Amino acid sequence: MSETELSKAYDPTEVEQRWYRHWMDKGYFRADPASDKPPFSIVLPPPNVTGSLHLGHALTATIQDLLIRWKRMSGFNCLWLPGTDHAGIATQMVVERELKKAEGKSRHDLGREEFLKRVWAWKEKYGARIGEQHQVLGASLDWSRERFTMDAGLSAAVREVFVRLHEQGLIYREQKLINWCPSCLTALSDLEVEHEDAKGSLWHIAYPVKGSDQKLVVATTRPETMLGDTAVAIHPADARYLALHGGTVVLPLVGREIPIVLDDVLVNMEFGTGVVKVTPAHDHNDYATGKRHGLPMLSIFDERAAVNENGGAYRGLDRFEARKKIVAELTEQGLLVKEEPHALAIGRCQRCNTIVEPRLSPQWFVKVEPLAQKAIAAVEQGKTTFVPETWTNTFFSWMKNIHDWCISRQLWWGHQIPAWYPASGPKLDNGTLDFTKGTPVVSREKPGPTAENPSGEWVQDPDVLDTWFSSGLWPFSTLGWPEQTADLKAFYPTSVMETGHDIIFFWVARMMMMGLHFMGEVPFRTVYLHAMVRDEKGEKMSKTKGNVIDPLDVIRGAPPDALLPAVRNKFPKGMPAFGADALRFTLASLTQQGRDIKLSLERVNGYKAFANKIWNASRFAMMNLGDFRLGSGFVKDRPLSLADRWILSRLNKAVAGVQTALTAFQFAEAASIIYQFLWGELCDWYIELSKPALQGTDEAAKEASRAVLVFALERVMRLLHPFMPFLTEEIWQRLPFERPTESISIAPYPEANRKLDDPAAEAELEPIIRVIDAVRSIRGESNLSPALRVEAHVQSNDAKLRKALETWKSYLMPLAGLSALHVGSVGPKPPQAAAEISKDLEVYVPLAGLIDLSEERARLLKEIGRAEGELEGLKRKLSNQSFVERAPAEVVEKDKARVKELEVRIQKLQENLKRIAPLEVKVAPPAAGSVDLREELHSELAAAEVPTKPDEQVKEALEQLREGTKEGLTARDRQDLGVAYLQMGLVDDAVREFSKAKEGEAGEKATKAPAGKKSAPAKKSAPKAPVKKKAAAPKKAAARPAAKKKPAAKAPAAKKKPVAKKKPATKKAAPKKGKGKTRGR
RNA sequence: GGGCGGAUAGCUCAGCUGGUAGAGCGUCGCCCUUACACGGCGAAUGUCACAGGUUCGAACCCUGUUCCGCUCACCA
């Protein structure tokens, strides 16, 4: 294919495959720390190496690439740093699952070292895939700086941070009650526990008081934990239990004696019985209570949450079995007072959904509060801002109620904690070191001999760190910290942190704290938080639901068997290739949505069509440019036509609008501006208007339009490039002009240029567009074929306007489809002409002989109705004394002017209506032998059990209707009205309208009966009230005409059928009625 | 329970500092007009959740209500 020849339809797959490699080879995306351009940097939120990218990642990549490409083109030294996260629990679980499936082995079968080898292999494979996927999306990442959270450098940063925090007393090790997952067998941070509302029970259990036959009844949601009770608590002020202060109770089933303690924090006198069992080792509240009262902490579960040796007879039972057995035995002993339903929140493991069990164990913690202080202050001082700003409050409220962060995990995959225990320390039964007992030394490297451990033999803490601990360092660890690298100097703080709002606490907050603490400066200036991508129904995409959409499938297409069921249902023949550009544009357009983005593939398809439209506009340009080549001179130094000047002005507005929108992170707005400009202005108007010049013989005009066309396309390609990088590069490379750079991705981003603004041109073209619209509207409403040329008479008292119309007649003729144009001042009107009237323009199109004039009459009536409605409203407003007095003068003036305008307009419309000669009404005698319509309908309705009396509201509306003028209604209007009446069970009214319709139609046919479609009067004159009616009953009556086949639009025979039997003219009537039914009550 | 967001055309959403509502998709009608049928032209459609209040005037501001969603949270 030659350079100026494009295929008819745009093929994204073909084009997209070519460019990324090229961009990479040329190194356009590589950041330069030595550059003197201003820096702009973003670190990519590192995807987990667990698998492949989903649409959330695609959204992330799209927004960030948009920013980066925009800034890169705007002359910034851009760094967009890619990488992946080791994702401790998640990855370990995935690899374990695979190991089990493939080899039937557990990680323990392999041993730690061998297992980790497997995980690394996994990482290599999936890490690479994630990179490829980003390339398919067109993400302009600097691959030379790709990082992984467990790289040597980043691991060194982790150790450095750990040691320093420990030295500063901000990391400590302590035996505390933590969240434990009995399935993952590790501690979790508070954030990794997801609370879920559940229906449970509240069991009331009687605890016998020692030395009396009294019983204290406690209420609990977890009866099984009574095995670990070490006290019962009552409120010190509770009058009911004053006598029991200082007493003890005997723990049922166990027999242990436990004290009654007084605690006004734990106990709420109003709740339950006012007595609470205290299990410090298995409940966070009780833990605190235990601490306050110095109670023993008795753990009754092992690591898998089965009852341990402290549970006596229940030992070995799983926590849920234990509950059953305990409840049963309490019941047996008559100690279960009652069980009542109770709503509670259950904490589940974020990863495996197992119910979390509070567990007493030694763990490492970060003392967060001092770090949080700094982060709060930084945001308060505006050093970092949130977009949308509503997240600021969310950030504050979490930061201000922050608890210490448990960072140790009992996993293998991750950064092993740099703490060391003397090898000679206390041992467990199985001979291994008991880490719960030893005292560790925290050190960057394995320590040598010390006073406490003269042998110098150390064992490293087997635990690893919370994944988010290392992610929290990402903005500086990836830049080389703790080394003082050039990158760190050039690109920290980063400009924007862009990520999903779901990780504001997990990640954003932690980066803020770590960044401020170790770099003394915020990690990023702006935090842009995007929504979650859902499917089109707003449901979370998940593998189990089968509604996951793979971005790669969207981009490249996929055969049906590669799709998940829910997706395959929509694309039984497989998914078409929409292209990365279309997907990106869609995602950018959806960013204005709130907290969820509902991605519909229809939408993607719409933007694929947009890409195709752009392609074809360019194709049109190429086909009409000859050997033209745009030079570097100013585009306006040519004899420009009005359209030329106009599109340049519009283009400039679009450029300014996009700049403003992008600056404010309004990606959807920016996308919309470009879309509107390209399709709605460049394609719909400019290309059409410039065709005469481009295809004509005036060489100067041709040259000018060619220049403008290339100029506009080239510029808008650059404007669009951050959104659709592939398509724009392809077109940009093919356009004939002097390229200042070898790729669009490093060409300058367009900036508004005042010299292109041309309000005069916009004003001059405006009436021309209005006339074209007017004629098109008349044509459309009258169902005239686009091929049919018509004459137009345009009248105006504005000489300038008339002149513009005359001058640019060549615009009007083809676009409005005219055979002749007559321009003159307001005067005698052409006979039998359709009219469009506005304040300074009147457009007439003679229709005699072309169409049924009643159509035009209906149209005029509708117009009049509209104008009258508005006029009435305005008059009411203006007759209100206080409005005239108190509203700003300009507002009042505006309304007054509008009233005048409307009055003139209505008058003109009415004159016009008169000029279209009213039809002669011939009363057709009933055909011999025809059935009496009235009789027929009555019996039909009776069969359908239509209520004989309509309700009052409807009646009232009908009265008004009967009184109101129905003059000027067409046969079709009458018929619609009849159908409406019929649906209300008003046979007599219906019959009257039907016969009038019949008369009318008989008359109209004399001219030419069209295949009508209008139904406005029926809707207009029977407003609101009938809609409210419970129209359920006349279903059958309504259904009957509707069930009839719609008359084939072109079959004239259909029109001759008796009116009442015809399908009601509008299909719209049906949904409208349906709506009325549901809304009516 | 606290906090936050949402309720606008059939669907998904815009609507800035209050002046009687817009887009895209879809729908309907006419068209294969030599860039594009992934297209052109035209049309229809809204008690702006409900109830009060402020105001000359409210989709917008205030109060309350109802639904929906998110999020945080130790009432056993």
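Trp-679 of this predicted model is partly exposed, with a relative accessible area of 23%. Phe-610 is buried, at 0%. Buried means under 20% relative accessible area, exposed over 50% and partly exposed in between, with a 1.4 Å probe and protein chains only.

Local features need pLDDT of at least 70 and side-chain atom pairs pLDDT 80 or more, while totals for chains, interfaces and linings use all residues. Residues are numbered from 1 along each chain as its sequence is written, chains are lettered from A and ligands numbered from 1 in the order in which they are written, and side-chain values use heavy atoms, without hydrogens and water.

**Aromatic rings**

Rings of Phe, Tyr and Trp (its six-membered ring) pair if their centres lie within 6.5 Å; planes under 30 degrees apart count as stacked, over 60 as edge-to-face and the rest as tilted. By this rule there are 36 aromatic pairs. In one of them, the ring centres of Phe-610 and Trp-679 are 6.2 Å apart and the planes stand at 10 degrees, so this pair is stacked. Phe-610 belongs to helix H18 (residues 601-623) and Trp-679 to helix H20 (residues 667-695), so the pair ties together parts 69 residues apart in sequence. Helices (H or I, at least four residues) and strands (E, at least two) are DSSP runs, numbered from the N terminus.

| Lysine | Ring | Distance from ring centre |
|---|---|---|
| Lys-71 | Trp-70 | 4.4 Å |
| Lys-176 | Phe-365 | 4.5 Å |

**A sheet and its helix**

An open sheet of 4 strands has the order E27-E26-E29-E28, with mixed pairing. Its edge strands, E27 (818-824) and E28 (833-838), each pair on one side only. Two strands pair if DSSP finds at least two bridges between them. Strands E26 (residues 790-795) and E29 (residues 841-846) run antiparallel and are joined by 3 bridges. Val-794 stands opposite Val-843 in E29. Helix H28 (residues 889-915) lies across E28 and E29, at about 175 degrees to E28. Axes are lines fitted to C-alpha atoms, for helices over the stretch in contact (heavy atoms within 4.5 Å), and angles run from 0 to 180 degrees between N-to-C directions.

**The whole chain**

Chain A has 37 helices and 29 strands. Of its 1081 residues, 52% count as buried. Among contacts between residues at least 6 apart in sequence, 76% join residues at least 24 apart.

Methods:
A charge sits over a ring if NZ of Lys or CZ of Arg is within 6 Å of the ring centre and within 35 degrees of the ring normal.
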